[in-house]
Amino acid sequence: MSHKLEELVDAFVSQLEAQGVTIRPDDNTLRLRDLEAKLPKRLPQSFESLLSRYSFPAFDAFGISFFGWGPGSTELSEVASATKGSLSELLLPAGYFQIGRPDTDSFDAICFDTNDRNQNREHGIVLADHEEILCNFRVKICSQVWPSFRKFLETSVKS
């Protein structure tokens, strides 16, 4: 993983800390490996850098309520399991990994689109309609939220 990418993630983390998010350095390498073992494809390098080196509670940033990660935070691990009746039951086989929700209290899913072929697995971040999944058993992508997590990081540290 590039030094520049780690610096970008660290700058984002510093910004979260300045906003009062309790984020702490942590070696989550094994936890990340366990998470990715459940997924059909690996996560973006930028997101791997965040998850492998930090633990954090759920937090809001730029319109997204991100799930928490680390010891005692099970949200990302739960969405990595395609539990019957969950959004992940349909999202994961369709190539979407949920990382959060809109910060508007909507139940729609904010996901990585692992179907794209972006460099370094920097998958687009999309919004999936939760009602289509739960009521009609189909995945409907409403919009692209960000071109990639790396673009999300670059934009958030500039503002």
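Mentor: Let us begin with a cut-off: a residue counts as buried when its relative accessible area is under 20%, as exposed when it is over 50%, and as partly exposed in between. Please keep in mind that this is a predicted model. By that cut-off, both F59 and F66 are buried.

Trainee: What makes the pair of F62 and F152 edge-to-face?

Mentor: Here the centres are 6.0 Å apart, within the 6.5 Å limit, and the planes are at 85 degrees, over the 60 degrees that edge-to-face requires, so the pair is edge-to-face. F62 lies in the loop between β3 and β4, while F152 belongs to helix α7 (residues 149-158), so the pair ties together parts that are 90 residues apart in sequence.

Trainee: What is the order of the strands in the open sheet, and why are β3 and β8 said to stand at its edges?

Mentor: Six strands form the sheet in the order β3-β4-β5-β6-β7-β8, with antiparallel pairing. β3 (59-61) and β8 (141-146) each have a single partner strand, so one side of each is left without a neighbour in the sheet. From one strand to the next, the twist averages 40 degrees.

Trainee: How do you know that β3 and β4 pair?

Mentor: Pairing asks for at least two bridges between two strands, and β3 and β4 (residues 64-66) have three, in the antiparallel sense, so they pair. As an example, D60 has S65 in β4 as its bridge partner.

Trainee: How many bridges join β6 to β5, and how many to β7?

Mentor: Four bridges join β5 (residues 96-102) to β6, with G100 bridging to I110 in β6. Five bridges link β6 and β7 (residues 124-128), with C111 bridging to V126 in β7. Both pairings are antiparallel. In the hairpin of β5 and β6, six residues lie between the strands, and D105 takes a positive phi near 70 degrees.

Trainee: Why is β6 described as largely enclosed?

Mentor: Five of the five residues of β6 (residues 109-113) are buried, so the strand is largely enclosed by the rest of the structure. Both faces are covered, with A109, C111 and D113 buried on one side and I110 and F112 on the other.

Trainee: Which residues line the largest cavity, and what is its volume?

Mentor: The volume is about 50 Å³, and the structure holds one cavity of 30 Å³ or more. The lining consists of L39, P40, K41, R42, L43, L92, G95, Y96, F97 and T114, which divide into six nonpolar, two polar and two charged residues.

Key:
Residues are numbered from 1 along each chain as its sequence is written. This is a predicted model: local features need pLDDT of at least 70, side-chain atom pairs count only at pLDDT 80 or more; totals for chains, interfaces and linings use all residues. Side-chain values use heavy atoms; hydrogens and water are left out. Helices (H or I, at least four residues) and strands (E, at least two) are DSSP runs, numbered from the N terminus. Axes are lines fitted to C-alpha atoms, for helices over the stretch in contact, and angles run from 0 to 180 degrees between N-to-C directions. On a 1 Å grid over the protein atoms alone, a cavity is a set of points where a 1.4 Å probe fits but cannot get out, and a pocket is an open set with protein on both sides within 12 Å along at least five of seven lines; lining residues have an atom within 4 Å of a point. Grid points are joined across faces, edges and corners, and a volume is the space filled by probe spheres set on the points. Ala, Val, Leu, Ile, Met, Phe, Trp, Tyr, Cys and Pro count as nonpolar, Asp, Glu, Lys and Arg as charged, and the others, Gly among them, as polar. Buried means under 20% relative accessible area, exposed over 50%, partly exposed in between (1.4 Å probe, protein chains only). Rings of Phe, Tyr and Trp (its six-membered ring) pair if their centres lie within 6.5 Å; planes under 30 degrees apart count as stacked, over 60 as edge-to-face and the rest as tilted.
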